[in-house]
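Let's take a walk through the open spaces of this protein. Have the model open beside you as you read.

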Amino acid sequence: MKGLMYINGAWTEAISGARKEVRNPATGEPAGSVPIGSREDLAAAIDAAHAAFKSWSKTTAMERAVPLYRAYEKLAARADDIARMMTAEQGKPLAESRGEVMLAAEYLRWYSEEAKRIYGETIPASAQGKRIMVVRQPIGVVGAITPWNFPVSMLTRKLGPALAAGCTVVLKPADYTPLSAVALFQALEEAGFPPGVVNLVTAKGRDVGAEFLENPKVKKITFTGSTEVGKQLIEGSAKHVKRVSMELGGHAPFLVFEDADLDKAAEACIASKFRNAGQTCICANRIFVQESVMDAFAEKFAAKARQLKIGNGLEPGVEVGPLIDWNALEKVEEQVRDALSKGAELASGGRRYEGEGLKGAFYEPTVLSRVDSSMVICYEETFGPVAPLISFSTEEEAVAKANDTEYGLASYVFTRNLGRAFRVSEQLEYGIVGVNDALPTVVQAPFGGWKESGTGREGGHHGLDSYLEIKYISIDLND
């Protein structure tokens, strides 16, 4: 696929004419190419979005809902083709890719409806001759930066609420996965958004951050990615007091209590930990298991991990694809080496995986037992297919260990005790808690983290808030 940028309603090369190749991380084969944009390209896209905002922000909610719903239809109709493109450039199994495309489409459908529910309010006045109103208005041009691990759903989770609110958007996709973004924008073009309302620029990250931060026409930055980069954007935004929303790193605890359904917990942990080869910010990173059931759970969990099929995500039945690059694989290997050197035991996996026709960074689904807090894997996000099992004795200890991190994105609790489910979920310092549920993400609920895992929420009606300004209007009725 030869991708182009999309600026002011037109497909275009970079001003410099430079392009880069995108390769399949499983096979090393070319998947396509895209332009290498510059700050000049970004500035042109921002100018287009700024000009389009003047009219788009004045459209009615019903008018904005129409192209959003059409985009949902176009994206859903192309789900199979876009899924294959996603797997070719990102590596995840085809079934996961298709599921992501359908989730992405649902964000557009949800916000086509939510656009009609951006309500204001009236407040009782303190004097007879006054009226007090509160209205919510779009903030302006939005600069959006999205990650490679969910290269379609993260786009629509930002585009949906921004467009529903009446904002215009300049979006920069991840360097690893620009082709999925191009395919999505083809659907947006067909949906009928006016020129300049949605813009796609495939540029280098440092150029994007600098232009978004320094260009006064950009009123808000939304970013999904590492905590390190998020902090840099937050710091830079302070100079212009720009609105930011950030979904950053995670180090999710997965708590298994002795009264849990161990079969269900093991199956759920497999789904959470090894989805996308462990490259998700809400996957189970630290698995805490009560001492009395540790051996039974470890046996069930390791047996399921050994059964997972590794390979090219485009091949039938593959459940675990490659890591995104060799640096990611080396980080996983270093965490495993560190844990084993400090007394952890290998219950399954623990090696690179090599298969016929595979040239990517594959690592076996790995389970480590007898892990403790001295090991790097307990305090650094893994982003790979390694599951450390850590024992605990009491409920209080489990909560304390789970909260012992600067991250606070997602957490999981498995128990059949209703009282414990409430107690623990309320004590966990996380923006998301899945109780007997390892896959809590849905379009109608708020997604976001506490502490250094970010600020703001995406999804649900809460996802509109950071794209809207609140205006208080006080009217004196006396002539």
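**The pockets and their linings**

The largest pocket holds about 1200 Å³ of space. Here a pocket is an open set of points on a 1 Å grid over the protein atoms alone, where a 1.4 Å probe fits, with protein on both sides within 12 Å along at least five of seven lines, and lining residues have an atom within 4 Å of a point. Grid points are joined across faces, edges and corners, and the volume is the space filled by probe spheres set on the points. Around the largest pocket there are 41 lining residues, and Trp148, Phe223, Gly225, Ser226 and Val229 are the closest to its centre. Two or more lining residues come from each of helix H7 (205-214), strand E10 (218-224), helix H8 (227-237) and helix H11 (326-341). Helices (H or I, at least four residues) and strands (E, at least two) are DSSP runs, numbered from the N terminus. H7 gives the largest share of this lining, 6 residues.

Now turn to the second largest pocket, with a volume of about 340 Å³. Its lining has 18 residues, of which Leu103, Phe150, Arg275, Ile282 and Thr441 are the closest to the centre. Helix H4 (94-114) and helix H5 (153-165) are the elements that give two or more residues to this lining, and the largest share, 4 residues, comes from H4.

The model is predicted: local features need pLDDT of at least 70, side-chain atom pairs count only at pLDDT 80 or more, and totals for chains, interfaces and linings use all residues. Residues are numbered from 1 along each chain as its sequence is written, and side-chain values use heavy atoms, with hydrogens and water left out.
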